[in-house]
Amino acid sequence: MSDSASAAPEVAGRASAVQRRRTELLALVRREGRLDVGPTAARLGVTQETLRRDLLAMERSGLVRRTYGAAFPVESGRLEAKYEVRKSRNVEEKRRIADAAAALVGPAQTVYIDDGYLPSLVAQRLTSERPVTVVTSSLPTAMAVAERPGVEVLLVGGRVRGSAFSTVEHGRDSLLERLRIDVAFMSAGGISPERGLTTTDPAVAAVKTAAMAASARRIFIGTHAKFGMTAFVRFADVHEFEALVTGTEVPAHRTARYARLGPRVIRA
């Protein structure tokens, strides 16, 4: 048997191992929302250089996006994870963020709650010390707080998005255009100092833009997986927010870049 013939199975075996590892990486990043190079390399028993090569190849195939020593799923571009999937990601971090965000409501009597699982957690933490009106395009949020004493819910009507259980395309006479809201808790597909806040769908961006315009105060809430990411449609700039609330998983040196643009950054 020639040297080239004997080497063929070995080459095929290495290629198979690489493919299995990249398949595992894709499953991990989709489940966890973010992979950090150092911990992930140790977890898989490979060098950081090997992992970087894997992630570079996956990025070129459109499977992940890389930034600052980490990788994120491609939903940061055009694709979007379903609501039930988002409920299972970074749960403990989201609870901490929701606690910190709810403490910022202050004397507000009208509150806009954006679509998504994390915003719904903020809504659930609103106290009943005084009457409050919750305006939302999120069906789960509306259902979660509608029966609470002292809470009135205004659900913005329109076409229901099955992936997020939220409404869009509210028509020319949108309720949001006629309201003046005290504080809005906004989510996003991604946030970066250069490109601002972005989301995956133009219809969703239109709702977020209207909510921003209607609100006197705006507070961004998002996990570490959102920072440094850019999705398809821009709807706001970082300086338009009073505060950005995230988890301690975002390093302080990274959040400092956002704080320099104006908002207070809270790492819960």
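The model in your viewer is predicted, so local features need pLDDT of at least 70 and side-chain atom pairs count only at pLDDT 80 or more, while totals for chains, interfaces and linings use all residues. Residues are numbered from 1 along each chain as its sequence is written, and side-chain values use heavy atoms, with hydrogens and water left out.

Now widen the selection to S2 and S3 (residues 70-73), which run antiparallel and are joined by four bridges. They belong to an open, antiparallel sheet of three strands in the order S1-S3-S2. Strand S1 (35-36) and strand S2 (64-67) stand at its edges with a single partner strand each, so one side of each is left without a neighbour in the sheet.

Angles here are taken between N-to-C directions and run from 0 to 180 degrees, with axes fitted as lines to C-alpha atoms, for helices over the stretch in contact. Then select helix H2 (residues 37-44) together with H3 (residues 48-60): their axes come within 9 Å and cross at roughly 105°. The two helices are therefore roughly perpendicular to each other, on a scale where angles under 35 degrees count as roughly parallel, over 145 as roughly antiparallel, 65 to 115 as roughly perpendicular and the rest as oblique.

To see where they meet, show the side chains of Val-37, Gly-38, Thr-40, Ala-41 and Leu-44 in H2, which are in contact with Gln-48, Leu-51, Arg-52 and Leu-55 in H3; contact means heavy atoms within 4.5 Å. By class, this contact of H2 with H3 has five nonpolar, three polar and one charged residues. Ala, Val, Leu, Ile, Met, Phe, Trp, Tyr, Cys and Pro count as nonpolar, Asp, Glu, Lys and Arg as charged, and the others, Gly among them, as polar.

**The seven-stranded sheet**

Move to the open sheet of seven strands, which are paired in parallel in the order S6-S5-S4-S9-S12-S14-S15. Strand S6 (151-155) and strand S15 (264-267) stand at the edges with a single partner strand each, so one side of each is left without a neighbour in the sheet. On average, neighbouring strands of this sheet are turned by 20° against each other, direction ignored.

Within it, pick out strand S12 (residues 215-221) and strand S14 (residues 243-246), which pair in the parallel sense over three bridges, and find Ile-221 opposite Val-245 in S14. Helix H9 (residues 252-259) lies across S14 and S15, running at about 155° to S15.

Select helix H6 (residues 117-124), which lies across strand S4 (110-113), strand S9 (181-186) and S12, and runs at about 155° to S4. H6 is mostly covered, with seven of its eight residues buried, where buried means under 20% relative accessible area, exposed over 50% and partly exposed in between (1.4 Å probe, protein chains only).

Centre the view on Leu-118, which is found in H6 and is buried, with a relative accessible area of 7%. Not counting residues up to four places away in sequence, Leu-118 touches Lys-94, Ile-97, Ala-98, Ile-221, Gly-222 and Thr-223. Leu-118 and Ser-187 are 69 residues apart in sequence, yet 8.0 Å apart in space, C-alpha to C-alpha.

Finish at strand S5 (residues 132-136), where Thr-136 has its place. Thr-136 is buried, with a relative accessible area of 0%, and its side chain reaches the backbone nitrogen of Ser-138 at 3.0 Å. Beyond its neighbours within four places in sequence, Thr-136 is in contact with residues including Tyr-112, Asp-114, Ala-142 and Leu-154.

Ser-137 is found in the loop between S5 and helix H7 (139-145), and is likewise buried, with a relative accessible area of 2%. A polar contact of 3.4 Å joins the side chains of Ser-137 and Tyr-112; the term covers a pair of N or O atoms within 3.5 Å, where within protein one must be able to donate a hydrogen and the other to accept it, and residues adjacent in sequence count only if both atoms are side-chain atoms.

Conventions: Pairing = 2+ DSSP bridges.
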